[in-house]
Amino acid sequence: MNKKIFIWTIVLLVILNLSVLFTVIYKKNNAKQEEVGIVLSENVQNPLNGRFFRQVLNFNDEQMKAFREANHEFQPKAKQLIYEMDTLKARLFDELNKPKPDSALTIQITEHIGMHHTELKQITNTFYLKLKAICTPEQAEKLQNTFKVLYSDQAPDCNNYNNYRGNEGRGYRHQNRKIE
């Protein structure tokens with residue numbers, strides 16, 4: 001009888017350990033999904049996610065809820081537009097490298113890229129204003145510095161965030177390049 005109790009105890013402990021392991025894995029995967037970053041540049045995925053806004057801007061729970069709602073609306077649209085612009089740029093480059101590029105097609109593709117870029121700026125403006133509306137004056141200043149890269153040649157001041165990528169991918173490496 002003691003052997004049966006011992007075996008059942010072992011089985012229950014194994015089941016308990018497996019359930020804890022699966023719970024940890026599940027929670028870890030869900031946390032990663034919540035930390036989807038905001039796309040501020042066509043070329044660079046910036047780490048402007050929930051963690052950034054909680055740590056650097058010190059968003060409280062209510063602000064985080066408003067951020068998630070705004071981000072949930074903004075993120076899919078921004079990603080789709082960036083994907084479409086990247087696809088159009090690839091088509092444009094392929095066309096330009098043909099022996100006889102179709103200039104009408106290159107103009108059409110360029111116009112589509114411009115329309116998508118305009119739409120991306122518009123939804124980014126709306127997203128920024130939604131975030132600004134929930135910020136304290138101090139948070140609004142940090143938000144302004146964070147988004148500054150979209151509206152000027154200056155990189156944002158994000159020294160408080162270890163994972164921020166700075167000027168990488170924003171054309172700074174091409175500033176002094178000679179065009180031949």
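This is a predicted model: local features need pLDDT of at least 70, side-chain atom pairs count only at pLDDT 80 or more; totals for chains, interfaces and linings use all residues.
Residues are numbered from 1 along each chain as its sequence is written, and side-chain values use heavy atoms, with hydrogens and water left out.

The protein contains five helices and zero strands, in the order α-α-α-α-α along the sequence. These elements are DSSP runs numbered from the N terminus, with helices (H or I) of at least four residues and strands (E) of at least two. Of the 180 residues, 31% are buried; buried denotes a relative accessible area under 20%, exposed over 50%, and partly exposed in between, for a 1.4 Å probe and protein chains only. Among contacts (heavy atoms within 4.5 Å) with a separation of 6 or more, 59% join residues 24 or more positions apart.

The axes of α3 and α4 cross at roughly 165 degrees and come within 9 Å. Axes are lines fitted to C-alpha atoms, for helices over the stretch in contact, and the angles run from 0 to 180 degrees between N-to-C directions. The two helices α3 and α4 are therefore roughly antiparallel, and their crossing is left-handed. The residues of this contact comprise 19 nonpolar, eight polar and eight charged. In this classification, Ala, Val, Leu, Ile, Met, Phe, Trp, Tyr, Cys and Pro count as nonpolar, Asp, Glu, Lys and Arg as charged, and the others, Gly among them, as polar. A crossing is left-handed if the near helix is turned anticlockwise from the far one by less than a right angle, and right-handed if clockwise.

Histidine 116, located in α4, is buried, with a relative accessible area of 17%. Apart from residues up to four places away in sequence, histidine 116 touches Leu81, Glu84, Met85 and Leu88. Lysine 130, also placed in α4, is partly exposed at 34% relative accessible area. Beyond its neighbours within four places in sequence, lysine 130 contacts Ala70 and Glu73. The C-alpha atoms of lysine 130 and glutamate 69 are 9.8 Å apart, for a sequence distance of 61 residues.

Helices α4 and α5 pack at about 160 degrees with their axes 9 Å apart. The pair α4 and α5 is therefore roughly antiparallel, with a right-handed crossing. From α4, Thr124, Phe127, Tyr128, Leu131, Lys132 and Ile134 meet Gln139, Leu143, Gln144 and Phe147 of α5. By class, this contact has six nonpolar, three polar and one charged residues.

The largest nonpolar core has 24 residues, and Phe53, Leu57, Leu143 and Phe147 have the most contacts inside it. Helices α2 (50-55), α3 (61-96), α4 (103-134) and α5 (137-147) each supply at least two residues of this core, the most coming from α3, with eight. Such a core is a set of buried Ala, Val, Leu, Ile, Met, Phe, Trp, Tyr and Cys residues joined through side-chain atoms within 4.5 Å.

Asparagine 58 lies in the loop between α2 and α3 and is partly exposed, with a relative accessible area of 47%. Although not a glycine, asparagine 58 has a positive phi of about 60 degrees. Most residues other than glycine have a negative phi.

Conventions:
Angles under 35 degrees count as roughly parallel, over 145 as roughly antiparallel, 65 to 115 as roughly perpendicular and the rest as oblique.
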